[in-house]
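Please look at the sequence and the structure as they come up, and keep them in view while I speak.

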Amino acid sequence: MRARERWLPAVTVVVMVLLTAMVVRTVFDAQNRARNALEDNQRTAVTQFAASMDSRLKSALSSLSGLVSPAFTLDVGSPTDLALVQQVQALIPDARTGILLMTKEGVVANGTLLRDPGVVGKPYDRPGLRQVAVTGRPAILPVGEGLTTALPTIALAMPIPDRSGGVRGLYVFESEVSSESDFSKEITALGRAGGEYSFVDARGMVVVSNNPDRLAKALPNPSFGRGEPGLRRSNGLVVA
């Protein structure tokens with residue numbers, strides 16, 4: 001029980017801030033406003049928000065390391081493994097996305113809230129998964145099709161170590177890209193001060209925004225997601 005109590009805050013944070021680690025640029029509307037004052041306020045708000053989320057995510061990742069112990073058999077359909085991930089899923093009863101256990105070769109060994117249980121025992125690939133298996137480093141995966149919801153997802157993939165420190169499998173948390181996510185609600189609150197905020201992944205896809213029409217779509221101008229750090233104007237928008 002103590003272990004579950006220790007994991008609960010970490011699991012909750014991961015569900016909410018999965019998106020944050022993928023932020024590479026912020027785009028907000030600065031038209032028809034007192035631009036300099038607005039830009040300063042928005043830049044401060046975004047900087048503080050990003051720093052807070054970065055700290056929360058690092059703490060969560062440290063706590064979650066105990067979830068990916070060598071205890072998993074990673075046998076396809078293992079009832080023991082399923083019971084272990086179901087315990088974690090039960091900590092977030094309102095979650096609309098689930099957890100995947102995968103072999104190092106990319107085969108789905110088990111999962112919770114699977115839309116199609118028939119995927120167990122079959123290969124599954126999405127951008128970033130193979131890199132985690134090769135490097136042994138956790139990663140936030142960009143927007144893609146998931147297995148636990150019909151909505152677009154991002155995901156946190158964590159390596160499952162073997163006893164020698166190598167990688168023998170993957171533990172994957174999926175999170176939906178939607179206006180109903182907790183992180184989207186925080187961004188909506190951030191936008192009440194004025195402006196439109198869109199956070200994008202490394203491929204330029206919007207993962208969260210206070211404009212729901214932008215979700216899971218490429219930015220209207222790909223150049224918004226590139227360039228040196230700092231503020232700049234582009235076609236009436238301010239890009240940070």
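Predicted model: local features only at pLDDT ≥ 70, side-chain atom pairs only at ≥ 80, totals over all residues.

I begin with a pair of strands: β2 and β3 (residues 108–111) are joined by three bridges and pair in the antiparallel sense. Two strands are taken to pair if DSSP finds at least two bridges between them, and the elements themselves are DSSP runs numbered from the N terminus, helices being H or I of at least four residues and strands E of at least two.

Residues are numbered from 1 along each chain as its sequence is written, and side-chain values use heavy atoms, with hydrogens and water left out.

Returning to the pair, L100 has G111 as its bridge partner in β3. Four residues lie between β2 and β3 in this hairpin, and G106 in the turn has a positive phi of about 90 degrees.

How covered is β2 itself? Five of the five residues of β2 (99–103) are buried, where buried means under 20% relative accessible area, exposed over 50%, and partly exposed in between, with a 1.4 Å probe and protein chains only. I99, L101 and T103 point one way from the strand, L100 and M102 point the other way, and all are buried.

On to the sheet. β2 is also joined to β6 (residues 167–176), by five bridges in an antiparallel arrangement, and T103 stands opposite G169 there. Nine antiparallel bridges link β6 to β5 (residues 152–161), with T153 and E176 as bridge partners. The open sheet of five strands therefore reads β3-β2-β6-β5-β4, with antiparallel pairing. β3 and β4 (139–145) stand at the edges with a single partner strand each, so one side of each is left without a neighbour in the sheet. From one strand to the next, the twist averages 25 degrees.

Which strands does α3 lie across? The helix lies across β2, β3 and β6, and runs at about 150 degrees to β2. Here axes are lines fitted to C-alpha atoms, for helices over the stretch in contact, and angles run from 0 to 180 degrees between N-to-C directions. Contact means heavy atoms within 4.5 Å.

Within α3 (residues 79–89), the buried residues include D81, V85, V88 and Q89. These four are on the same side of α3, because they cover an arc of only 100 degrees around the axis; the arc is that of the directions from the helix axis to the C-beta atoms. On the other side of α3, P79 and T80 are exposed. At the start of the helix, a side-chain oxygen of S78 reaches to within 3.3 Å of the backbone nitrogen of T80.

T112 counts as buried because its relative accessibility is 4%. Its side chain makes a polar contact with the side chain of Q89, at 2.6 Å. A polar contact is a pair of N or O atoms within 3.5 Å; within protein, one must be able to donate a hydrogen and the other to accept it, and residues adjacent in sequence count only if both atoms are side-chain atoms. Leaving aside neighbours within four places in sequence, T112 is in contact with V85, Q86, Q89, G98, I99 and T148.
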